[in-house]
Amino acid sequence: MLAKNVAIGSVLIFSALCHTTEAHRPIFSPKPATDPNTAVLIAQPHISQVIYREIGEQAAQVWLAFDVRAGFELFIQIGVPVLERLKDFRPAMLVVGPGLPEANSPFELPKGKGAKGFATDSVKEPRFFHEHFTGTDSWILRSETVVLPQSGRYYLVAYVPSGRKGKLWLSVGKKESFGLAEWAKFGGWKKRIRKFHEVSDKSRKLRIPILSQIGDALGLGSPGPVPKTSESSKIPVKVQDGVTIHTVETQYQNGRQEIRVLLPDDYRSDRNYRVLYVLAVEKGFDQRYGYGLGVLKQMDAHNEYDMIIVQMGFEKEPWYGDHATDSKTRQASYLKEFVVPFVEKHYSTLGTPDGRLLLGFSKSGWGAFSLILTYPEFFGYAASWDAPMFFDRFHYSMQQVYGTVGQLEAYRPDLLVSRQKEYFQGRPRLVLAGQQDWGTSIPTPAGGDHTLEMHRLLEKEGIRHIYDNSLKVPHRWNQQWMGPTLAALMGLARAQEISMQLCHRVDISSHKGSFVCLGDLTGDRQVDFLLYRQGPQTTPGFLAAVDHQGRTLWELGDPLLKKHMEDGVWNEPALRGIAFIHDLNDDGRAEVLTEFWRDGIPMLYVLEGDTGQILREIPSPLDLEVRGGKRSRCHPVGRIAFLEGRERPPSIVLKYGASNHVPCYAVALNDKLEILWEIHGSSNSMGHVPTVGDMDFDDKDELLLGTLMADATGRILWEKKVDRHADCTTIADLHPSAGKEALISVCSTGPVYCMSSAGGVLWEKTRQEVPHGQGIWAGNFIYDEPGMEVIVLRSGHVGDFITVRGIDGEQLAGFQQTRNYNGYPDFPCVVSWKASNEQSLWIPIDRTLVDGYGRIVAELGRHEVLVKELLQWGESKSQIAVQAFAVDLCGDEREELILYQPYSGRAILIFTQTDSDARKKPYVHEDDAYNIRSYF
């Protein structure tokens, strides 16, 4: 699907302003927020965030909820808009949660929770505050910092003791954090905030801050559309209808030609812009097929994408090649050697291939592909709609431009694809769209349509590209095809803005082909790695610990085990078993918990993290009788769970069973490896990827073992009867029901369920919608949509995804993997790449991060070759794609990607954002680093 992307810039300016201004991130949630069950969940309460609400009979309170560790310092603030009727309006705040004292409250508190109140009745002169970006005024009534005594769920409540109606805002957190996504939404935020404060916009035009208010605040202004150097005065120039027209003479063309330049309205000579070269279909500026630059101007594309748009004229019908003998008919050289240098000399441009984009249709669509394929290191991206691609003889004035058929062959896109494919097999750079005239007027030599055959050729040569053959509109410059095609082209170009930089590399070539676990083994607050190879029965037979620099700390087991042993009656590739790093006894030092194959049986070990010394050992509860000698798809899984509360040492839960080949069995142990309880499930009640989470906010974890939910004591709370086991599960706060919600995707037959904590079905996707629920993930994948979304891998072991709304399951989008569609997609990973409150999905087979629409958020880019060399990725179950962990290692609250390949990888590679300074923060062990959501 071709989708619209808006270019956003000036991030550094934003950062500078945010640190000199009080700037809350607004919360616009559809949740009622009138009681604990409908409270708005704040994922990161240290980030400055604010909710705006009206208090009345239907909504007498505002509830925010958040989960914290003991000792967390919660900053809270309450205020009202500066309105005459609210001058003496005095709401109050109440912090509710575990460990707080008993308190009188005008409403019922959650069971077992205390409270601490903060009234504002005595405030006579509230602090006046003007918010610069939105142009709104507030009275701040009270600001407090509360140290929360225990780990668990807390609430912040605003209410009005007097019962009076009015407006208020309630905020938490001090740290200001605004990423690209936040600023992209600022225009919409501003309207809603000003409306809440009852500030009129009739007399002023709403301006996006990156182009207006930021400049106002810094006194920059806009210098207007002037050329970059005074040398432009030597070239005849005029401005007509907002377009700057340069008249030039060159050695590449006969006579004078025009270069027309359209600048963004807020063009500034101290910024660098991308340039879109619109390739004409007719000689000069004839307009029988429309006027490309004119249509783009009407679309406001120069402002929407914040770029310079250029169209140049030609003496002859343009086919974008050089003549074999006529030195004055050199159209390709004219564009590359004169037009582009001219634009980059006289205007502020990026001046790099990533900043040079080509757009064309018909003859100029041929030209766009011909030029980028001829000069792949000069031009960055190209888009073509409804164009011929396979002419092997002269048509439509081609002979005037090329002279000979031999010269034509040097510029033919179909021949260049094979010659130049090495330049295009990494990140996608081509958009191939539409089929209207070409394929019906003059078919390809093979008799087909040009767009479809070019798509097949690109696929054959392994060239990634965006393809959409559905744009069938009139064959001319028009917005119907230009809008989506340009959006796709800009999406490819913008992906590089937030692409990946390699910030750390760990050589594990001496232990290549190992499963990887994360944790701090040495106590130096840096991430270390546990590597292991599977022996019999998907049980580790060799382990090695390496530190952050790749130095081996210790080894255990059979060093002759150089690769994982295949497992089960089908000899499937071994899957991840039980091995992870965690501080099991809560003494501040990490241990390794692992199964281990010894003397023909699986053992369960607790090892000292930095030395590998065996601290405790027992025969594994998942013994050979439990395992049954069956296929590896019944692989054992281990989870850390807080069964006695966050203030007590964690417990260990081991699970076995799926695929209906062995009995489903789960067992919980304490840190001394003493068994706490056991569960014997039904034939398919335990899935491949179980989830641990505090469903009811009582500070103790529940266990979603598959289609079965158990509490901290091992009591089965409910089981959803289905035909097959659950492939994947997750727990998230999606719905205004009590507690969190359980998501279950069912193998082979579907469907997908969203279950309440009590076991009721809140919504489902049918078997027709999800015929094989291979994977399921929750997150804020579509920033424009309220609440969280759920992405489902719906068709088993192919990359066919749907995105649904978390609150009701309504489908919002569908997309597919973009590389080898038959490649094995397991197992995607959720990553907070753009911001802490905006998630993307890492698709291993594509080696890209995407949003909920499947649009590329970031990719490896120029690092593809290195990753291929070191990780040796594949596209099958026996040689899977690049796997990933997501952990914040640089301290900017976005997550880094830790990449590995468990069957033949020779390194661990850590990638961060290109705008990150890659400073290391103390390693913090996060849930996804030990409760690993992957088969691999």
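This is a short walk through one predicted chain, from its overall make-up to a few single residues.

First, the ground rules. The model is predicted, so local features need pLDDT of at least 70, side-chain atom pairs count only at pLDDT 80 or more, and totals for chains, interfaces and linings use all residues. Residues are numbered from 1 along each chain as its sequence is written, and side-chain values use heavy atoms, with hydrogens and water left out.

Let's start with the whole chain. It has 16 helices and 52 strands. Those are DSSP runs, numbered from the N terminus: helices are H or I with at least four residues, strands are E with at least two. Of the 936 residues, 62% are buried. Buried means under 20% relative accessible area, exposed means over 50%, and partly exposed is in between, with a 1.4 Å probe and protein chains only. The accessible surface comes to about 34,700 Å², and carbon and sulfur atoms account for 47% of that. Those areas come from the Shrake-Rupley method with a 1.4 Å probe; for residues, only the protein chains shown count as cover.

Now contacts, meaning heavy atoms within 4.5 Å. Take those in the chain between residues at least 6 apart in sequence: 65% join residues at least 24 apart.

Next, the sheet. In what order do the nine strands of the open sheet run? The order is β12-β13-β14-β16-β15-β17-β18-β19-β20, and the pairing is mixed. Two strands pair if DSSP finds at least two bridges between them. At the edges sit β12 (237–240) and β20 (465–468), each pairing on one side only. From one strand to the next, the twist averages 20°. Look at one pair in detail: β18 (residues 381–385) and β19 (residues 430–433) run parallel, over four bridges. There, Trp385 stands opposite Ala433 in β19.

Axes here are lines fitted to C-alpha atoms, for helices over the stretch in contact, and angles run from 0 to 180 degrees between N-to-C directions.

That brings us to the packing. The largest nonpolar core has 55 residues. A nonpolar core is a set of buried Ala, Val, Leu, Ile, Met, Phe, Trp, Tyr and Cys residues joined through side-chain atoms within 4.5 Å. Which members touch the most others? They are Ile259, Tyr277, Val310, Met312, Leu335 and Leu358. Helix α7 (residues 331–346) gives the most to this core, with seven residues. Apart from it lies another core, of 50 residues, among them Leu556, Phe596, Val752 and Phe801.

Back to Val310. Neighbours within four places in sequence aside, Val310 contacts residues including Ile259, Tyr277, Leu293, Val339 and Val343.

On to charge. The structure holds 38 salt bridges. Each is a side-chain nitrogen of Lys or Arg within 4 Å of a carboxyl oxygen of Asp or Glu. One joins Arg356 to Glu344, with the closest N and O atoms 2.6 Å apart. Arg356 is in strand β17 and Glu344 in helix α7, so this pair ties together parts 12 residues apart in sequence. Arg356 counts as buried, at 7% relative accessibility. Glu344 counts as buried too, at 18%.

Arg767 and Asp723 form another, with closest N and O atoms 2.4 Å apart. Here the link is between loops: Arg767 lies between β41 (761–765) and β42 (775–779), Asp723 between β37 (716–719) and β38 (726–732), so the pair ties together parts 44 residues apart in sequence. Arg767 is partly exposed at 38%, and Asp723 is partly exposed at 47%. There is also a network of salt bridges linking Asp67, Arg153, Asp733 and Lys740.

Asp846 sits in the loop between β47 (838–843) and β48 (848–850). Buried or exposed, this Asp846? Asp846 counts as buried, at 2% relative accessibility. Beyond four places in sequence, its contacts are Arg464, Gln817, Thr818 and Arg819.

His564 lies in the loop between β25 (552–557) and β26 (579–582). His564 counts as buried as well, at 10%. His564 and Ala574 are 10 residues apart in sequence and 6.3 Å apart in space, C-alpha to C-alpha. Leaving out residues up to four places away, His564 touches residues including Phe515, Tyr532, Arg533, Pro902 and Tyr903.
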